[in-house]
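Please look over the structure shown below with its side chains displayed. The notes that follow take up a helix, its aromatic neighbours and the charged pairs.

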Amino acid sequence: MKAVIFAGGLGTRLSEETSTRPKPMVEIGGKPILWHIMKMYSHHGVNEFIICCGYKGYLIKEYFANYFLHMSDITFDMQANQMEVHQKRAEHWKVTLVDTGDSTMTGGRLRRVADYIKNEEAFCLTYGDGVGDNDIAATIAFHRSHGKAATLTATYPPGRFGALDIQNGQVKSFKEKPRGDGVLINGGFFVLSPKVLSYLKDDETIWEQEPLMQLAQNGELMAHPHYGFWQPMDTLHDKNTLEKLWVSGAAPWKKWD
């Protein structure tokens, strides 16, 4: 199964970090948060990724082009013009990096990578700025069991995100960024059928608005609850919170060895 990751936004609420690099390349424990997200998926058997690049996307491309340089010890023999990589830390990943435009909206980005996912039975989708200890494999199994077009992970937030009206596991309505707390919200980890691509009109389509709302109205959007750890990285405070958890050795999202 493939995972599509939105990695093209400006990250304006984290401008202290994103003035020089895209938000998914902001580091937690010396590794980009994008790496942490990919490690989460890999732990659950998803090792093929479609990265939707945009703002400063060349930095993401350079990171993967030089992955061994970032992850391993290197000897450069200048006289012989040779490079030797020690302790190679290879991942079982296939990574496709697609330039989806600097100003394209989320639904438009997904539409631009349609050729890479249109023939899949199902695919995962998430944002390049949030981690959790959610069971991705269980969400995939749940999606396959109900036969609907879309599954999202529903979780409890500190606030600020799309509220869900869930009845018997089916999402009856979707409202983006309501006021107030205490309701299950869109946790940003999806499993989708390629059928959702028909809900995407153009580059201006915002995935979290008309497509999800229409899927809910059509009875095609299901929710898989997650009651554990979940944390987006929207602000410098969020980034520092994740950094402290990683440094402490108790990062809840780190399930891999």
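Which residue just after α2 takes a positive phi? In this predicted model, Gly 45 is that residue, with a positive phi of about 90°. The structure holds 15 aromatic pairs, and the count of salt bridges comes to nine; the points below describe some of them by topic.

**Helix α2**

- Helix α2 spans residues 33–43 and is largely enclosed by the rest of the structure, because nine of its eleven residues are buried.
- The buried residues of α2 include Trp 35, Lys 39 and Tyr 41.
- Lys 31 lies over the face of Trp 35, at 5.4 Å from the ring centre.

**Aromatic pairs**

- A pair of aromatic rings is described by the distance of the centres and the angle of the planes.
- Phe 49 and Trp 93 form an edge-to-face pair, with 5.7 Å from centre to centre and 75° between the planes.
- This pair links distant parts of the chain, 44 residues apart, since Phe 49 belongs to strand β4 (residues 48–53) while Trp 93 sits in the loop between β6 (82–86) and β7 (94–99).
- Phe 49 counts as buried at 0% relative accessibility, and Trp 93 also counts as buried, at 15%.
- Phe 64 and Tyr 67 form a stacked pair, with centres 6.4 Å apart and 5° between the planes, and both of these residues are buried.
- Ring pairs link Tyr 41, Phe 49, Tyr 63, Phe 64, Tyr 67, Trp 93 and Phe 189 into a cluster.

- Side chains of opposite charge can pair when their charged atoms come close.
- Glu 120 and Lys 2 meet through their side chains in a salt bridge of 3.5 Å, N to O; because Glu 120 lies in the loop between α5 (106–112) and β8 (123–127) and Lys 2 in strand β1 (residues 2–7), the pair ties together parts that are 118 residues apart in sequence.
- Glu 120 is partly exposed at 25% relative accessibility, whereas Lys 2 is buried at 13%, and Lys 2, Glu 48 and Glu 120 are linked in a network of salt bridges.
- Glu 91 and Lys 39 meet in a salt bridge of 3.4 Å, N to O, which links the loop between β6 and β7 to helix α2, with the two residues 52 apart.
- Glu 91 is partly exposed at 23% relative accessibility, whereas Lys 39 is buried at 14%.
- Asp 115 forms a salt bridge with Lys 118, their closest N and O atoms being 3.3 Å apart; Asp 115 is exposed at 58% relative accessibility, and Lys 118 is partly exposed at 45%.

Conventions: Residues numbered from 1 in each chain as written. Predicted model: local features only at pLDDT ≥ 70, side-chain atom pairs only at ≥ 80, totals over all residues. Heavy atoms only, no water. Phe/Tyr/Trp six-rings, centres within 6.5 Å; stacked < 30°, edge-to-face > 60°. Helix = DSSP H or I, 4+ residues; strand = E, 2+ residues; numbered from the N terminus. Buried < 20%, exposed > 50% of the residue type's maximum accessible area, 1.4 Å probe, protein only. Lys NZ or Arg CZ within 6 Å of the ring centre and 35° of its normal. Salt bridge = Lys/Arg side-chain N within 4 Å of Asp/Glu carboxyl O.
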